[in-house]
Amino acid sequence: MGRVAFVTNNGFLLSSAPNFRDLGGLRTSSGHTVRTGLLYRSDALHTIDKEELPVYNGLGIRQLVDLRTEHERETLPDVTPEGADYAAVSVQGPQADGANFSAALADPEKARAMFADGLAERFMFGVYRELVADATALEGYRDLVERAAKGPTALVFHCSAGKDRTGWGAALLLTLLGVDRATVVSDYLASNERQENTDKWMRLLAANSGLSWEEVAPMTRVRAEYLETAFAHADEIYGSFDTYVTEGLGLSTDTVDRLRHRMLT
């Protein structure tokens, strides 16, 4: 089993990255348990406080997978754990809707056209369909799974809020490991309790865009319907989740077996 990590009195591994959490400890349908201390998911990692660096560096992470766009990476570069390899693995091309929403919110006219009057919710459903179907997403998520399967050391993957791009990555990995759908959704929804940094950022963006908090709210929280849209879209395109894995992502049986051997106890 992995090491036991220090947890702050607010229940977070890292207060400066509140959506940083271990995917370990979950049970699978076959009665196995996902190992702890090997696979972490997170929100933005440029926010790590100096005071929390010893905790961050002490988790044994040797792979950092950054799912953000090139613009995000250049604007807010990660704090990388000591001794870790950094990998830029985009899951959204520069033209994808989800990659451009921050820029759109900076333009009040564009923001109103894209997000006002209930359009933000439709936007989010579109983002989750893209995460399943877009060529950049397929390549990026294949890379993530292959890195997680290869090991042998701990890995963290993240985006900006750690809820959508990272949320689908976590759902993919946990489903491959045999965790049941209800538990996968529960892990996904836990991001809603960890959005302190995202809320501050989104409130500023909303104010600058001229939109109300209610209008941007669908982009600030995860919903079970968003994740179910991704699973349903995989079924719609490929016929089943398993075919999405083999034909869409192009993952081999050997890779999936190595992931399970490494991650399950």
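Which residues of strand 2 point one way, which point the other way, and are they buried or exposed?

1. Strand 2 (residues 39-42) sends Leu39 and Arg41 one way and Tyr40 and Ser42 the other. All are buried, where buried means under 20% relative accessible area, exposed over 50% and partly exposed in between (1.4 Å probe, protein chains only). Strands are DSSP runs of E with at least two residues, helices are runs of H or I with at least four, and both are numbered from the N terminus.

2. Basis of the note. This is a predicted model, in which local features need pLDDT of at least 70, side-chain atom pairs count only at pLDDT 80 or more, and totals for chains, interfaces and linings use all residues. Residues are numbered from 1 along each chain as its sequence is written, and side-chain values use heavy atoms, with hydrogens and water left out.

3. Strand 2 has a partner in strand 1 (residues 21-22), antiparallel, over 2 bridges. Pairing requires that DSSP finds at least two bridges between two strands. Arginine 21 is bridged to arginine 41 of strand 2.

4. Strand 2 also pairs with strand 5 (residues 154-158). Here the sense is parallel, over 4 bridges. Tyrosine 40 has valine 156 of strand 5 as its bridge partner.

5. Helix 8 (residues 181-189) packs on helix 11 (residues 224-238) at about 130°, axes 10 Å apart. Axes are lines fitted to C-alpha atoms, for helices over the stretch in contact, and angles run from 0 to 180 degrees between N-to-C directions. The two helices are therefore oblique to each other; under 35 degrees counts as roughly parallel, over 145 as roughly antiparallel, 65 to 115 as roughly perpendicular, and the rest as oblique.

6. Contact means heavy atoms within 4.5 Å. Helix 8 contributes Arg181, Val184, Val185, Tyr188 and Leu189, and helix 11 contributes Ala224, Tyr226, Leu227, Glu228 and Phe231. The residues of this contact divide into 8 nonpolar, no polar and 2 charged. Ala, Val, Leu, Ile, Met, Phe, Trp, Tyr, Cys and Pro count as nonpolar, Asp, Glu, Lys and Arg as charged, and the others, Gly among them, as polar.

7. Helix 5 (residues 119-133) and helix 6 (residues 135-150) pack at about 65°, with axes 5 Å apart. Glu130, Leu131, Val132 and Ala133 of helix 5 meet Ala135, Ala137, Leu138 and Tyr141 of helix 6.

8. Glycine 58 sits in the loop between helix 1 (53-57) and strand 3 (61-66). Its relative accessible area is 39%, so glycine 58 is partly exposed. Glutamate 82 is 24 residues from glycine 58 in sequence and 8.7 Å away in space, C-alpha to C-alpha.
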